[in-house]
Each structure stands twice: as structure tokens, then as C-alpha cells.
Amino acid sequence: MGTSQSREDRITDSESEEDYEEEEEEEEEQYDDVSGDHQNPQSSSSTSSSGTHKSIDDIDVKLKSLKLKYNSPQQQQNPNLKNPVKLYLHIGGNTPKAKWVVSDKLTSYNFIKTSKINGDDDEDGDESDGGGGKGESWWVLKVGSKVRARVSTEMQLKMFGDQKRVDFVDKAVWALKFLTDEGYRNFVTQFQNCLFENVYGMEASEENKVKAYGKEFMGWLKPEAADDSMWEDAEDHNLDSTPVKGSQELMEEFEEAANGGVQSLALGALDNSFLVNDLGVQVYRNFNRGIHGKGICVKFDGGSYRSGGNMENSTPKKALLMRAETNMMLMSPANEGKPNATGLKQVDIETGKIVTEWKFEKDGTDITMRDITNDTKGSQLDPSESTFLGLDDNRLCQWDMRDRKGMVQNIATSGSPVLHWTQGHQFSRGTNFQCFASTGDGSIVVGSLDGKIRLYSKTSMRQAKTAFPGLGSPITHVDVTYDGKWVLGTTDTYLILICTLFTDKDGKTKTGFSGRMGNRIPAPRLLKLTPLDSHLAGNHNKFHGGHFSWVTENGKQERHLVATVGKFSVIWDFQQVKNSAHECYRNQQGLKSCYCYKIVLKDESIVESRFMHDKFAVSDSPEAPLVVATPMKVSSISLSGRR
């Protein structure tokens with residue numbers, strides 16, 4: 001229960017390095033002590049009183065034995081040992097006894113291409129032979145006999161260039177320490193090339209990288225040569241955006257029962273917020289310190305309700321507030337295991353009754369929707385709102401709840417009223433849309449299964465103004481800042497933060513929602529867990545629901561980003577992530593990755609984590625409270641402003 005600081009605060013990189021150095025110093029001392037025994041006649045047991053020394057043969061035998069045991073520098077430079085490294089294992093988790101221990105004082109690594117699932121009987125192959133047999137094959141990292149990991153983002157590789165070291169996850173948390181800078185750089189280059197080939201299925205040549213990313217995205221192809229000026233220009237130093245300091249605390253304000261089976265969280269900017277669970281919708285009151293239960297629950301009839309003319313027994317997974325937060329749209333999957341729905345129901349929050357059940361239809365044909373969202377970032381506060389956005393695998397559209405005569409159809413007079421498709425586009429197969437979000441002015445960002453992120457202007461849903469290529473991992477959730485300058489994409493293993501700003505031919509600064517960004521598109525930044533935290537989160541736990549904090553006014557800047565993985569809610573300082581001089585970015589190769597965050601730890605898997613509206617921030621806190629919902633409880637957590 002309760003809150004927790006990031007494990008980086010408990011087991012810092014500097015402490016890890018000290019562990020490394022202590023191990024090395026201990027070995028050096030042992031080496032010096034033992035070798036000294038052999039060199040000092042006073043301490044040699046075979047030295048006679050007359051000063052007779054050991055035979056040369058005896059000394060030679062012992063020195064050879066010494067080298068084998070303590071890995072002298074001469075042996076480390078043995079040209080016969082290819083890719084020499086020192087292998088460490090992290091033990092103790094996040095307990096006070098956690099530490100790095102030497103697993104192999106001297107071993108070697110190799111990248112091998114294979115098609116075998118279980119490599120226990122696999123023979124080492126040459127990294128250049130491409131030998132994996134017929135069919136699908138992939139690159140694997142082998143380190144001695146202890147590590148065999150498919151090269152992927154799931155390894156959560158973290159680089160420490162100044163220490164000639166990388167950390168990663170493979171059923172445990174490991175570290176490789178390289179003997180030379182050249183050895184370290186060669187490893188990182190090989191790893192990134194193998195990762196590219198595993199993701200895109202083609203060799204990591206310059207030509208293939210351009211083919212994968214596109215000519216406009218040279219900054220993604222070569223991050224070290226990317227223009228970071230837009231990141232700096234967009235930092236908005238003049239805005240009231242106080243970053244989280246390392247000494248700030250996370251304080252749990254409230255925790256209340258949620259009656260079990262929580263599916264989703266709908267935060268309000270006015271009086272109330274809502275939890276959707278297996279029984280119905282629970283109502284909470286919004287306060288500056290978080291949300292309190294009101295003891296009110298709009299219950300479903302035995303867990304069943306009518307949607308699209310069919311009786312369904314599935315709990316709603318999506319809740320959308322509308323009409324100055326007096327109405328709620330609830331959408332439930334039509335089939336178990338799939339998010340797509342054939343319709344939704346409209347709940348009047350003031351009466352607690354379902355007033356209308358709507359059906360999705362286009363040109364007289366029933367269709368499905370994967371997701372729904374408000375027209376703009378703040379339109380749920382509009383009392384006259386009658387439209388909302390819809391997304392399906394290959395559809396992007398706007399729905400209108402009014403009939404063509406301007407009258408809302410009533411559930412009492414229509415068995416299943418039809419929503420009107422007011423605008424949108426049905427794309428050819430292959431777009432595989434997964435998620436979307438809207439800006440303050442109604443522009444739309446869409447994430448896809450292939451990792452692409454598309455930006456649509458508020459005036460057209462037919463063609464994206466900008467399409468970012470993605471990095472190979474499916475986008476499972478997207479969010480965008482109110483001003484449209486920043487997009488946050490969630491994947492299973494990392495978050496990707498994209499700057500949409502560019503300078504047009506007239507020298508004006510615009511966002512990628514309003515025009516094509518040209519060929520100077522800034523490189524994105526990645527938000528990741530450290531290998532240790534990733535391991536502690538659990539092998540099967542994935543990032544989900546990455547959000548910016550919530551503002552609905554021009555000139556207001558979001559302060560934080562939050563995402564959920566397993567029992568962790570992970571919070572990043574937005575200003576810190578944007579700072580190109582941030583210490584996380586030093587000595588990194590490839591895209592900049594930020595590992596500085598705070599962690600909220602709960603005792604069960606978290607359903608959703610969201611910041612309340614900016615209006616609920618108080619003077620002694622830099623941010624509105626964070627609301628964390630688990631299946632059984634809902635908690636409100638504040639970032640303390642104490643220094």
C-alpha cells in the first residue's frame with residue numbers, strides 16, 4: 001500500500017558503480033596480496049634461512065594459476081578471447097540488501113542469428129553467418145552460458161557510456177562491463193543493428209533505415225545529428241511550470257473502497273468523477289486533495305443491458321463525459337476479448353437513468369467502434385455538446401446524437417436510435433488504428449498497430465497532415481497536450497514523446513497538425529523504466545494508459561506525464577524530459593531515453609492512473625492530485641511542494 005519513490009532513488013547508478021568498483025578493488029587487493037607473498041622472501045614458506053628462493057618452475061606454475069584465478073590484465077587482453085566482458089547479476093530486488101555481484105569475472109558475448117525457440121541445445125554460430133535455418137529467424141544475445149536473450153525492447157537495455165557498461169533484463173537483471181571504450185561502443189552498435197533487423201526484417205543498412213523511417217525522419221535515423229532546437233524552444237520557461245524536484249514527496253491523501261471489478265476511470269473537471277465497475281457507475285466528489293466517495297452508484301440491471309438491439313452481458317470498458325459532465329456515454333465490447341462495440345448507452349448522471357441506447361451505423365449498415373473520445377480536450381465542459389469522435393480499425397469519424405431535424409431520439413420511442421455519421425473517412429484495410437486523442441482545438445492524433453502516429457487537422461479526417469513512422473512497437477494509447485505541441489504514445493515497453501513543432505517556409509512556427517513538417521523533424525524521446533524496475537514490475541506487465549496532466553486553457557502547460565505498469569504508477573517531470581541537458585541523456589547512443597521518475601506502488605495491479613484537472617492544484621503542491629484506480633480501491637495522491 002501507499003506510495004514509493006522510484007527504485008532509482010534507492011539503488012542509484014552511482015551506488016551500482018560503487019559496487020562494481022568495490023568488487024574490482026577487492027580483486028586487485030587480493031591479486032596484490034597474493035602476488036606479494038610470492039615476491040617477498042620474508043613471507044615465502046619455501047624460503048630458507050639463508051635466503052634461498054623458490055625454483056623458477058615453481059614460481060611459473062603459481063603465477064599461471066594466479067592468472068587463471070584472478071584474471072590479470074594480461075589475460076584480459078588475450079586476443080584469443082573474442083568480445084571479452086565482465087558479467088554482473090543484481091540480487092536482492094529493492095530490499096536494503098540489494099547489490100550487484102560478479103557472475104562471471106571474465107566471459108564473452110556474441111550476437112547469433114537463430115530460428116530456435118529454445119536455445120539450450122543450440123550451438124554458437126557466427127554473427128555474420130545469418131545461420132538460423134529456413135523460415136523466420138532473429139538475433140539473440142548470448143553471454144557465456146548464463147544469458148541467452150532475443151534482442152528486443154523487452155530487454156530494457158540501459159547504457160552507461162561513462163562506465164563502459166550496459167544493464168538489461170533476461171529473467172533477471174544483468175550488467176555487462178566492457179574492458180575498453182571501443183568494446184562498449186561496438187556492443188551498442190551491434191545491439192542496435194540487431195534490434196533494427198529483428199523489428200523490420202531487413203539488414204540495418206543506411207538504405208534500409210531510410211526505407212523504414214522515411215527521408216523526412218533523418219533525426220530518427222541519426223539522433224546524434226538531429227536538430228534539438230524545437231525541444232528547447234518549446235520548453236516554455238516563462239510558463240508557470242514547476243518541475244518535480246528530487247526531494248519532493250508523494251503523499252497519499254485518500255483511499256477508498258471501489259466495490260470491486262473496476263474497469264475504467266472518468267475524471268470530471270467540475271463537481272464529480274466516476275468509476276465504472278462490474279455493478280455500475282460509482283460517483284465521487286472532486287476536492288483539491290483528491291476524490292471522495294459520495295455513496296451513490298448507478299447500477300446496471302443484473303450486469304446486462306441492451307446495446308445495438310442485442311442483449312449483452314459485458315461490463316462497459318469505456319466511459320465518456322459529455323454535456324457539462326451531466327451525461328455519460330458507456331461503451332462495451334460486442335465480443336469477449338475484443339474492444340470493438342456495436343453501440344453505446346447514454347446515462348443521465350443527475351437522474352441515474354439510461355436515457356438512450358445508440359447504435360453505430362453508416363449507410364444503413366451496422367458498424368463497430370474501437371474507441372470514442374470528446375471532440376476537443378475540454379468539450380466535456382460544454383453543456384450544448386452533441387457530437388463526439390469515433391475510431392475503429394480502419395475508420396475515423398464524428399458522431400452526432402441529434403437526428404437530421406435537430407431532435408434527440410428517445411429510448412422510449414425508438415428501440416435503437418442511430419447515431420449520425422457527420423464526417424469522417426473509412427480507410428482501406430491496413431491502417432490498424434488502435435487509439436486516438438484530441439487537442440484543445442479539435443485536431444486528432446491516432447496511434448496504430450504498426451507503431452505509426454498520424455496527425456489530422458480539425459478540418460479533415462481524410463488525410464493525415466503528418467505521419468510519424470514509429471519504432472516498430474504497436475501504439476496502445478496516445479495523448480496530446482492541449483496546445484498540440486507534444487504527443488505521447490504508449491507501447492508495451494516504453495513511452496515515446498514526440499515534438500510536433502516545425503518552422504514553415506515563411507519562418508512561422510507551426511505544429512504537424514496544421515501542415516507538413518518537412519525534413520527537419522525533431523527526434524523523439526523515450527521514457528523507460530530502469531532494468532531493475534522493469535524486472536520488479538513483472539515479466540508480463542506492460543505499460544498502458546500514458547497521459548499528460550490535464551489542462552483546458554490556452555497558455556497553461558502540462559507539468560507531468562503518468563503511465564501504468566503492473567502495480568506501478570510511473571510519473572515523469574515533463575520539463576525535465578524536454579531539457580536536452582538533462583543528465584539522463586549524457587553518454588547515450590541512439591534516441592535519448594529518460595529514466596528519472598517517481599513511482600506510486602499499490603498492492604494490486606493498477607487499472608488506470610490520471611491527474612485531476614489543473615483547477616484542483618493547490619498552492620503547496622506543483623500539480624493537481626493523481627487518482628490511481630485498482631480493481632478494489634481508488635486512491636488520491638499529491639505531489640508535495642516541500643523542498
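The legends below describe close-up views of a predicted model.

In this predicted model, local features need pLDDT of at least 70 and side-chain atom pairs count only at pLDDT 80 or more, whereas totals for chains, interfaces and linings use all residues. Residues are numbered from 1 along each chain as its sequence is written, and side-chain values use heavy atoms, with hydrogens and water left out.

**View 1. Packing of helix α5 against helix α6.** Helix α5 (residues 181-200) packs on helix α6 (residues 206-213) at an angle of about 50°, the axes lying 12 Å apart (axes are lines fitted to C-alpha atoms, for helices over the stretch in contact, and angles run from 0 to 180 degrees between N-to-C directions; helices are DSSP runs of H or I with at least four residues, and strands are runs of E with at least two, numbered from the N terminus). Helix α5 is therefore oblique to α6, a term for angles that are not under 35 degrees (roughly parallel), over 145 (roughly antiparallel) or 65 to 115 (roughly perpendicular).

**View 2. Residues in the contact of α5 with α6.** On α5 the contact is made by Asn193, Phe196 and Tyr200, and on α6 by Asn208, Lys209, Ala212 and Tyr213, where contact means heavy atoms within 4.5 Å.

**View 3. The open sheet of four strands.** The strands follow the order β8-β42-β41-β40 with antiparallel pairing, two strands being paired if DSSP finds at least two bridges between them. Because β8 (250-257) and β40 (608-611) stand at the edges with a single partner strand each, one side of each has no neighbour in the sheet. The twist averages 20° from one strand to the next.

**View 4. Pairing of β8 with β42.** Strand β42 (residues 633-639) pairs with β8 in the antiparallel sense over seven bridges, and Leu250 has Leu639 of β42 as its bridge partner.
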